[in-house]
Amino acid sequence: MSYRSHEILQGPGYANVRALYKADGYAEEELKRPIIGIANAYNSICPGHIVLRQMAERIREGIQAAGGMPIEFGTIGACDGIAMGHEGMRYILPAREMIANDVEAMVQAHRLDGIVLLGSCDKIIPGMLIGAMRVNLPAIFINGGPSLPGHMADGNPYGGEWIDHSCIQQSEGALQAEKITEKEFKWIEDNAMPTVGSCAMLGTANTMGCLAETSFKKRKSFNTAYHYGFFGFLGRCADLSAYMACFLFLQKQ
C-alpha cells in the first residue's frame, strides 16, 4: 500500500526528511506507516479546550493501535465568551480562517495521509472542518464535549431546574432592573457553568458539534485525493482504535 507521505520518505533524495522524523524519535518502521496528523486546539483559556491535551493522548494511542503514525500540531482556539463586549471580538471571526489555514498548511506542507481534528467551541469547529475540506483527505473530527449545566431547582427565573452560561447575561439585565439581588446574581455567576466544556447552550459550539456528527461517504463532487470527507463525532469515551481502523480503511479505497 502506497501513501502520499511516502512520496517524501523514500529514496536517497529524501534522506533529510527521514532524518528529521528520526530526530523526533520516530523509528524506521514507523515511517512506513500512514502518517496521521492530530490538529489540537488545546489551551488553558477556553473551558471547551482545556480537556483536549488528555484526549490527544488517547487519540495517539488509537492511531498507533490501528497501524498509523501519529504526529500532533497545535492551532489557536479563541473563546467567544471571553472576547465578547470589547475589542477582542474583532478577532474571533478571522480566527476561523486562521484555523482553516493552519490545518491546510500543516497537512499539505508535510504530505500527511489523514487528519484527526480535535477542538470545541464556536469558530474552532467550523475552521477545522473548512481546513479538512480544503485538503480533502480522510478526516475525523473529535469534539471535547459540552459543559454540564448549572442546577437551580428553587426559584429559577428561567423555568425548569437548570441554568447555563447564557443565563448570566440575562441575569445582568434582571440585576439592573432590581428583579434579583446582587447575592442572587453572584450565585448564578458561580454556578451556571460548573464544569469544563463548551457552553451548555445551543450556540455555535454545540450546534456545530451536532453537525459534525454527519459522515460523508464517497462524493463525485470531490475531485482530489481520495474523494472522501469523513467526520465523526466520537465524544469523550470513544473506542478510538475502532474508529482509526475505519479511518485507515477509507484510505485504501
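How many helices and strands does the secondary structure of the protein chain come to?

1. The protein chain has nine helices and six strands, taken as DSSP runs numbered from the N terminus (helices are H or I with at least four residues, strands are E with at least two). Keep in mind that this is a predicted model, where local features need pLDDT of at least 70, side-chain atom pairs count only at pLDDT 80 or more, and totals for chains, interfaces and linings use all residues. Residues are numbered from 1 along each chain as its sequence is written, and side-chain values use heavy atoms, with hydrogens and water left out.

2. Of the 253 residues in the protein chain, 45% are buried (under 20% relative accessible area, with a 1.4 Å probe and protein chains only).

3. Now to the sheet. Four strands make an open sheet, ordered S2-S1-S3-S4, with parallel pairing (two strands pair if DSSP finds at least two bridges between them). Strands S2 (69–74) and S4 (139–143) sit at the edges with a single partner strand each, so one side of each has no neighbour in the sheet.

4. Inside that sheet, take S1 (residues 35–40) and S3 (residues 114–119): they pair in the parallel sense over five bridges. Ile 38 has Val 116 in S3 as its bridge partner.

5. Next, a helix pair. The axes of H6 (residues 166–176) and H7 (residues 182–191) come within 10 Å and cross at roughly 175° (axes are lines fitted to C-alpha atoms, for helices over the stretch in contact, and angles run from 0 to 180 degrees between N-to-C directions). H6 and H7 are therefore roughly antiparallel (angles over 145 degrees). Residues making the contact (heavy atoms within 4.5 Å) include Ile 168 and Leu 175 of H6 and Phe 185 and Ile 188 of H7.

How values were computed. Buried < 20%, exposed > 50% of the residue type's maximum accessible area, 1.4 Å probe, protein only. Parallel < 35°, antiparallel > 145°, perpendicular 65-115°, else oblique.
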